[in-house]
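Grab the model and work through a few exercises with me. Try each task on your own before reading the solution.

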Amino acid sequence: MADEIILLDFWPSMFGMRVRVALAEKGLKYEYREEDLWNKSPLLLEMNPVHKKIPVLIHNGNPFRAQARFWADYIDKKGVVQNAGFLHMFPSAIEFCGLWGSKLELLLILLAVCSTGLYSAFLIWLYELGRKIWSTKGEEQETAKKEFIECLKLLEGELGEKPYFGGEKIGFVDVALVTFSCWFYAYETFGNFSMEAECPKLIAWTKRCMEKESVSSSLEDPHKVHGFIMG
């Protein structure tokens, strides 16, 4: 009997797009089911009864936790295509702590809650900063924009001269980060700054990732995402 893989997702979700990229990269066929987050399906509530959030990856009726480490580990083990493993870690991840200063306590709390490693806490914080860029104004927006750009520059330093964060081949960190690029246009528009001017290496890396069909076919159009935010 063939395996049944179902992904419960919401199209602009960068978290869901990560799963889509990983599944495509591994050549795994699955059924995509779009969720209405304002009217959640009985299946979503059954498969994720505590958090009631997407994405949820279901394999033969068994849900996998939405946290990146868990679905990536599952896809790595399930993958039928020979490829670099996704579970690459930042070699100098501890340097991320230096950015936060007074926010280190929050970062440690996130680490304890997520239980998926420093990179998960970093990505959650990056997501929150991006959200503040398009959802706030004035001083709060400017502070979020400044910290967001600092985060991206830190990532550029981690990337260095490598083609991918995973080295010569795309890895877990690349998959986890590249989905942010769908939201770059919205961040730029609301925050009144240029991603390419601020972080040229990161934009070059994004374009390199987009040359892979697994990425380009899984990510949403940035203008469509911007339109979604605008309502």
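**Exercise 1: a lysine in a loop**

Lys 162 sits in the loop that links H7 and helix H8 (172-178); helices (H or I, at least four residues) and strands (E, at least two) are DSSP runs, numbered from the N terminus. A word on the ground rules: this is a predicted model, where local features need pLDDT of at least 70, side-chain atom pairs count only at pLDDT 80 or more, and totals for chains, interfaces and linings use all residues. Residues are numbered from 1 along each chain as its sequence is written, and side-chain values use heavy atoms, with hydrogens and water left out.

Task: work out which residues Lys 162 touches, not counting those up to four places away in sequence.

Solution. Start with accessibility: Lys 162 is partly exposed, at 30% relative accessible area (buried means under 20%, exposed over 50%, partly exposed in between, with a 1.4 Å probe and protein chains only). Next, list the contacts, meaning heavy atoms within 4.5 Å: Lys 162 touches Gly 167 and Arg 208. Finally, check a C-alpha distance: Lys 162 and Trp 205 are 43 residues apart along the chain, and their C-alpha atoms are separated by 9.1 Å.

**Exercise 2: two helices packing**

Task: describe how H7 and H9 pack, giving the angle and the distance between their axes.

Solution. First, the geometry: helix H7 (residues 138-159) and helix H9 (residues 184-191) meet at about 135°, with axes 11 Å apart. Axes here are lines fitted to C-alpha atoms, for helices over the stretch in contact, and angles run from 0 to 180 degrees between N-to-C directions. H7 and H9 are therefore oblique to each other, given that under 35 degrees is roughly parallel, over 145 roughly antiparallel, 65 to 115 roughly perpendicular and the rest oblique.

Then the residues: H7 brings Gln 141, Lys 145 and Phe 148, while H9 brings Phe 184, Tyr 187, Phe 190 and Gly 191. Sort them and you get four nonpolar, two polar and one charged. In this scheme Ala, Val, Leu, Ile, Met, Phe, Trp, Tyr, Cys and Pro are nonpolar, Asp, Glu, Lys and Arg charged, and the others, Gly among them, polar.

Now zoom in on Phe 190, which is partly exposed at 25% relative accessibility. Beyond its neighbours within four places in sequence, Phe 190 contacts Ile 133, Trp 134, Gln 141, His 226, Ile 229 and Met 230. Phe 190 and His 226 are 36 residues apart in sequence, with 9.4 Å from C-alpha to C-alpha.

**Exercise 3: cysteines**

How many disulfides does a search of the whole structure find?

Solution. Use the cut-off: a disulfide is a pair of cysteine sulfur atoms within 2.5 Å. Take Cys 199: the closest cysteine sulfur, in Cys 151, is 10.0 Å from its own, too far for a bond. The search of the whole structure finds zero disulfides. As for accessibility, Cys 199 is buried at 1%, and Cys 209 is buried at 0%.
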